[in-house]
Amino acid sequence: MSTLGILISGRGSNMMALADACAEGRIRARVGLVLSNVAGAPGLAEAGRRGIETLVIDHRASRTRDEHDGKVAQALRESRVTLVCLAGYMRLLGPGFVKAFEGRLMNIHPSLLPAFPGLDAQRQALEHGVKVSGATVHYVNESLDAGPIILQAAVPVEPDDTEETLSARILEQEHRIYPEAVSLHVDNRLRIEGRQVRVTGR
Ligand code: GAR
């Protein structure tokens with residue numbers, strides 16, 4: 001059975017969506033570790049309530065990104081993690097970490113990539129005036145929010161949307177497509193071919 005390691009920095013609602021899908025058998029995996037770079041991240045308490053092992057590795061305790069990434073990688077290996085899911089993890093992971101977990105490292109982003117990578121994607125979408133936005137689950141490569149796309153879901157942008165209302169509409173889709181993408185991965189139904197991620201039959 002696959003073991004997920006979920007990296008968070010805050011609320012952890014995507015982590016909970018993944019953990020609940022595992023508990024309900026919608027993902028054939030267990031969550032081996034929820035790891036945060038932020039000690040007070042609310043998601044840690046939620047993971048604890050679900051009986052999931054949690055760990056804080058504060059990035060400020062490391063002098064370099066490589067040093068921090070090395071500690072995170074070590075913790076994931078100790079928990080025998082087979083798939084790493086970034087879920088609102090607001091730290092860039094360096095090329096060494098990405099290479100070590102190549103093809104086993106996913107992220108969820110609140111826009112239809114390649115539009116609006118980076119921080120505040122929902123605000124970027126509103127400021128740009130797009131009429132449709134959404135969520136993207138992708139494998140992580142060495143470039144920010146640019147790895148091969150697994151699943152996307154679109155939502156309308158309404159004329160009176162605020163960052164909060166648009167974020168909430170997108171989040172609902174995040175909670176749907178992240179478990180779906182992880183389930184496809186752990187069932188060995190995803191093939192990465194260059195930029196394409198092919199979904200194969202059962
Ligand atoms: C989610 O909307 C996620 O897509 C976004 O942060 C939020 C975390 O919420 N991630 C990024 O913007 C990554 N660049 P959560 O902690 O409740 O899952």
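What radius of gyration would a compact globule with 202 residues have, and what does the protein have? A compact globule would be near 17 Å and the protein has 16 Å, which agrees; the radius is taken over C-alpha atoms, and the globule rule is 2.2 Å times the number of residues to the power 0.38. This is a predicted model, in which local features need pLDDT of at least 70 and side-chain atom pairs count only at pLDDT 80 or more, while totals for chains, interfaces and linings use all residues. Residues are numbered from 1 along each chain as its sequence is written, and side-chain values use heavy atoms, with hydrogens and water left out.

The protein has six helices and nine strands, these being DSSP runs (helices H or I, at least four residues; strands E, at least two) numbered from the N terminus. Its C-alpha atoms fill a box of roughly 50 × 45 × 35 Å along the principal axes. Of the 202 residues, 50% count as buried, where buried means under 20% relative accessible area, exposed over 50% and partly exposed in between (1.4 Å probe, protein chains only). Among contacts with a separation of 6 or more, 61% come from residues 24 or more positions apart, a contact being heavy atoms within 4.5 Å.

Ser2 is buried because its relative accessible area is 19%, and, leaving aside neighbours within four places in sequence, Ser2 is in contact with Arg28, Ala29, Arg30, Thr82 and Val186.

One of these partners, Arg28, leads on to the salt bridges, of which the structure holds 14; each is a side-chain nitrogen of Lys or Arg within 4 Å of a carboxyl oxygen of Asp or Glu. Arg28 meets Asp187 in such a bridge at 3.1 Å, N to O. The pair links distant parts of the chain, 159 residues apart, with Arg28 in the loop between helix 1 (13–23) and strand 2 (29–36) and Asp187 in the loop between helix 6 (163–186) and strand 8 (190–193). Asp187 has 23% relative accessibility and therefore counts as partly exposed.

A second bridge joins Glu163 to Arg123, with the closest N and O atoms 3.2 Å apart. Because Glu163 lies in helix 6 and Arg123 in helix 5 (residues 121–128), the pair ties together parts that are 40 residues apart in sequence. Glu163, at 25% relative accessibility, is partly exposed, and Arg123 is partly exposed at 36%. Lys99 and Glu102 also meet in a salt bridge (3.2 Å, N to O), and both of these residues are exposed. Finally, a network of salt bridges links Asp20, Glu46, Arg49 and Arg50.
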